[in-house]
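Let's take a friendly walk through a protein structure together.

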Amino acid sequence: MRLWVVASLGLCLAELLISTVTHLVYGLYIFSSAVAFDIVEILNNHHLRKLRIWETVADIYSKPNIVDADRSRDIGNGPYFEGYEVAPIVLVHGIFGFGKGKLGGMSYWAGAEKKDDRVLVPDLGSLTSVYDRARDLFYYLKGGTVDYGEEHSAQYGHARFGKTYDQGHYPEWDENHPLHFVGHSAGVQVVRVLQQMLAEKKFQGHENSSESWVLSVTSLSGALNGTTRVYLDGMQPEDGKTIKPIFLLQLCHVGVIIYDWLDIAWLKNYYNFGFDHFNMTWQKVGVSGLIESLLGNVGPFASEDWILPDLSLQVSVELNTKLQTFPNTYYFSYATRKTRKLFGVTIPSGLFGIHPLLFIRALQMSQWCYPNNVPLPYKGYNDEDWQDNDGALNTISMLYPRYPVPHPHCWLSPEFKDGHTLQPGVWYYTIVEADHILFIINRERAGVQFDILYDSIFQRCRKQMSRAISAVPSVNQGLDSICSNVENCMCHLSRFDQRQ
């Protein structure tokens, strides 16, 4: 018995060491790549400035009446949009993600934002809760000081007010100027929470808000129903909120607390976990505050107001009971999968087809079983349903909001490809053979798939835009169209369920 315990502990520590080293190496790779990119950009800009000086001198003497083209406004790179008819597309990053302006010139979306000149890429807290990120996103778009709400702030022990946006990035945002949203991973839950807040008029001073401010929601490897990976990383299956003692998330907890406490300005400007409203810096809490945070007595990890609890099955089911699928909004989901069946056993589909950062977790997730002595997260839970995954999320979770009650949904079959038969209020979903990070960070990994995927997303947004704004259906009309569309989709659903 003692030998078995020692062996189990040894395996656990070995797995922790491998996971820690893998994540650290990848993090250093991203950081060093961003620094290298910045250095190259600085050198290039310095060289370009010299060339432009000579070009300007030449223009002054040869063509004095020509205005420098660089002085005209660049819509795609401007700080905000206004006065244009085409609805911008907002790209919302996932866990450990970043927006425009962070990590130098690196793009979380691997440059996909350059495919359209009306794209916004907000930088939200990479580890803050879905609720806090939804509040951040609203004020990023509309402008003003982020208000997390008096009740919420008091409950979770952080400041009520956060960052101030003197100028919103889309200040005219309303029902007549709606937005498209694309969310990767946990980013899609941020968008869904934001839309629910808009419907319930939760933003003080913006009582005219409604769910119709959101024209479409596209989920890319979206955590619509949580993931079993959080338990492998160290979240307690009993509640889905607290962290086990010796696991990857505890190391993450320690690293984040120290990073925020040190409060190195240039480093946090480069990358920020988003916990500034918890006031954990050394100037404000001192050494004693650092110790209390590390012990888990105060801060986001103590109050459970951070992203990982929101990704557990229990909390996701609880969240889904509060979030609606609205009849005036289009919904799409691209689920990803990098596993397959071999002699009845689910395993990763190839050693080289999946990113090294995700391979071990993909294998573990395909074999993970819910503990027998723990209440199941929802009625009818079955371990086998959750075996297919992309190394970070379970494929079943990414299809559509499914638990505890399935939302209206339909398999995105070829006949819907032109975008003309699609109806709002229905989650159209499909499965792409890819790991969780194939379509972000590194464009070369995805190859031609990258362009196919993002071109389809952006083109669909543009095709639906004119139809949706010119004649947004009423709630009753929307419900009627949903019912009709779901009836037409039943054959596709039954065929897909049989494959499952």
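Predicted model: local features only at pLDDT ≥ 70, side-chain atom pairs only at ≥ 80, totals over all residues.

The axes of helix α6, residues 248-262, and helix α8, residues 282-294, come within 9 Å and cross at roughly 170 degrees. Angles over 145 degrees count as roughly antiparallel, so α6 is roughly antiparallel to α8. The crossing of these two helices, α6 and α8, is left-handed.

Which residues in α6 meet α8? On the α6 side they are His-253, Val-254, Ile-257, Ile-258, Trp-261 and Leu-262. Their partners in α8 are Trp-282, Val-285, Gly-286, Val-287, Leu-290, Ser-293 and Leu-294. Sorted by class, the residues of this contact of α6 with α8 are ten nonpolar, three polar and no charged.

Stay with α6 for a moment and follow it from end to end. This helix has 15 residues, and the distance from its first C-alpha to its last is 21 Å, close to the 21 Å expected at 1.5 Å a residue. Among the buried residues of α6 are Leu-248, Leu-249, Gln-250 and Cys-252. His-253, Ile-257 and Trp-261 are also buried, and these three take part in the contact with α8 as well. Just after α6 comes Asp-263, which takes a positive phi of about 50 degrees.

Now move to another helix, α4, which covers residues 187-199. Its 13 residues reach 19 Å from first C-alpha to last, close to the 18 Å expected at 1.5 Å a residue. How many of the residues of α4 are buried? The count is twelve of 13, so this helix is mostly covered. The buried residues include Val-188, Val-191 and Leu-198, along with Arg-192, Gln-195 and Gln-196. Just after α4, Lys-201 takes a positive phi of about 55 degrees.

Helix α4 has a packing partner too, α2. The two pack at an angle of about 70 degrees, with their axes 8 Å apart. Angles of 65 to 115 degrees count as roughly perpendicular, so α2 is roughly perpendicular to α4. The crossing of α2 and α4 is right-handed, whereas that of α6 and α8 is left-handed.

Look at where α2 and α4 meet. From α2 come Val-130, Tyr-131, Arg-133, Ala-134, Arg-135, Leu-137 and Phe-138. They meet Gln-189, Val-190, Val-193, Leu-194, Met-197 and Leu-198 of α4. By class, this contact of α2 with α4 has ten nonpolar, one polar and two charged residues.

Is Ala-134 buried or exposed? Buried means under 20% relative accessible area, and Ala-134 has 0%, so it is buried. Setting aside residues up to four places away in sequence, Ala-134 touches Val-190, Val-193, Leu-194 and Met-197. Ala-134 and Leu-194 are 60 residues apart along the chain, yet their C-alpha atoms are separated by 5.0 Å.

Ser-153 lies in helix α3, residues 150-156. Its relative accessible area is 4%, so Ser-153 is buried. Apart from its neighbours within four places in sequence, Ser-153 is in contact with Tyr-148, His-158, Ala-159 and Arg-160.

Next comes a strand, β11, residues 427-433, where Thr-430 is found. Thr-430 has a relative accessible area of 15%, so this residue is buried too. Leaving aside neighbours within four places in sequence, its contacts are Ser-333, Tyr-334, Ala-335, Trp-411 and Leu-412.

The last stop is Gly-425, placed in the loop between β10 (409-411) and β11. With a relative accessible area of 0%, Gly-425 is buried. Gly-425 and Gln-324 are 101 residues apart in sequence and 9.6 Å apart in space, C-alpha to C-alpha.

Finally, step back to see the whole protein. Its secondary structure comes to 16 helices and eleven strands. Of its 500 residues, 52% are buried. Among contacts with a separation of 6 or more, 72% are between residues 24 or more positions apart.

Conventions. Residues numbered from 1 in each chain as written. Heavy atoms only, no water. Axes fitted to C-alpha atoms, helices over the stretch in contact; angles between N-to-C directions. Helix = DSSP H or I, 4+ residues; strand = E, 2+ residues; numbered from the N terminus. Parallel < 35°, antiparallel > 145°, perpendicular 65-115°, else oblique. Left-handed = near helix turned anticlockwise from the far one by under 90°. Contact = heavy atoms within 4.5 Å. Nonpolar A, V, L, I, M, F, W, Y, C, P; charged D, E, K, R; others polar. Expected span 1.5 Å × (residues − 1). Buried < 20%, exposed > 50% of the residue type's maximum accessible area, 1.4 Å probe, protein only.
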